Amino acid sequence: MTPQTLLGPRLRRYRTSLSPLAILGWLALGPVIIVLTVLVAGVADAPALLLVVLIGLLILAVSVAYLLWSGSTHLDLHEHGIVVGRSFLGGAPRSMRFTEIDPSTIRVFSGAHTLLPIWQVRFRRSSSAHLFLFPRADRAVTFLGPDRDSDLSGMQRPVAPGQGIVVFGSQQAEEIAHQLRTGLERAGCPPHLARWSTGFGVHELPSNGFTAAQQVPGMLPARLGGTAH
């Protein structure tokens, strides 16, 4: 069954927030490497110069692809749940009902970019399935749902710490968190449980990647409650 069948009509689409500074930095990476190589190494002959230019263009192409991949992230709010994914080289989107989200794990963080190094620098598939962040992302909403590899079906799925975390970078993170809590109430969750995590407000993540990951409830397999206060 499709998300539209099980989750109802789409009410709104949220897109990840872009960082102009990050865009300029990534696009400048290739040209800067070309210029520095020519100046420092003193490349003069045509074949060597052509090789340097080709390498720089390849780096530029990779940078453009990474920016498109990161910037194509979207979170669709449906009547009975959410769908999060990427429209550019993102694979199958993740779908979950509101009833499959742990309300205590709905949090809003600033400094979300600190989560990127320990996960994405390894270029593992699990990174793209968990972190929907643009480079230099600031605010993000996080929540824990079912295992990322379990398909939406007629059966209710349990939350899965580690494999079920979603980190979605957006300057509208607080509004998205509010919509998630409202959806939980609409699905039958008692208001005091659905809105319990609002008391944490916006929590600033530390600059250390692993320490930052420890602050996000459900991001690490052994941790569900997190340590954000």
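These legends describe close-up views of a predicted model.

Local features need pLDDT of at least 70, side-chain atom pairs count only at pLDDT 80 or more, and totals for chains, interfaces and linings use all residues. Residues are numbered from 1 along each chain as its sequence is written, and side-chain values use heavy atoms, with hydrogens and water left out.

**Figure 1. Overview of the chain.** The chain holds eight helices and nine strands. Helices (H or I, at least four residues) and strands (E, at least two) are DSSP runs, numbered from the N terminus. The chain has 229 residues, and 45% of them count as buried. Buried means under 20% relative accessible area, exposed over 50%, and partly exposed in between (1.4 Å probe, protein chains only). The accessible surface comes to about 11200 Å². Carbon and sulfur atoms contribute 65% of that surface. Accessible areas come from the Shrake-Rupley method with a 1.4 Å probe; for residues, only the protein chains shown count as cover. Among contacts with a separation of 6 or more, 70% are between residues 24 or more positions apart. Contact means heavy atoms within 4.5 Å.

Figure 2. A search of the whole structure finds eight salt bridges. A salt bridge is a side-chain nitrogen of Lys or Arg within 4 Å of a carboxyl oxygen of Asp or Glu. Side chains of opposite charge can pair when their charged atoms come close. Here Asp 76 and Arg 10 meet at 3.6 Å, N to O. The pair links distant parts of the chain, 66 residues apart. Asp 76 sits in strand 2 (residues 73-78), Arg 10 in strand 1 (residues 10-15). Asp 76 is buried, at 6% relative accessible area. Arg 10 is partly exposed, at 47%.

**Figure 3. A salt bridge between two loops, Glu 100 to Arg 157.** The side chains of Glu 100 and Arg 157 form a salt bridge of 2.7 Å, N to O. Glu 100 is in the loop between strand 4 (94-97) and strand 5 (102-110). Arg 157 is in the loop between strand 7 (140-144) and strand 8 (165-169). The two residues are 57 residues apart. Glu 100 is buried, with 2% relative accessibility. Arg 157 is buried too, with 10%.

**Figure 4. Arg 139 paired with Glu 174.** The closest N and O atoms of this salt bridge are 2.5 Å apart. Arg 139 lies in the loop between strand 6 (131-132) and strand 7, and Glu 174 in helix 6 (residues 173-186), so the bridge ties together parts 35 residues apart in sequence. Arg 139 is partly exposed, at 25% relative accessibility. Glu 174 is partly exposed as well, at 45%. Elsewhere, salt bridges that share partners join Arg 10, Arg 13 and Asp 76 into one network.

**Figure 5. The surroundings of Ser 72.** Ser 72 lies in the loop between helix 3 (46-71) and strand 2. Ser 72 counts as buried, at 8% relative accessibility. Beyond its neighbours within four places in sequence, Ser 72 is in contact with Gly 85, Arg 86, Ser 87 and Phe 88.

**Figure 6. A nonpolar surface patch.** Val 32, Val 35, Leu 36, Leu 39 and Val 40 form this patch. Together they have about 500 Å² of accessible area. Patches are made of residues with over 30% relative accessible area and no salt bridge: like charges are joined within 9 Å, nonpolar side chains (Val, Leu, Ile, Met, Phe, Trp, Tyr) within 5 Å. Leu 39 lies in helix 2 (residues 20-41). Leu 39 is exposed, at 64% relative accessible area.
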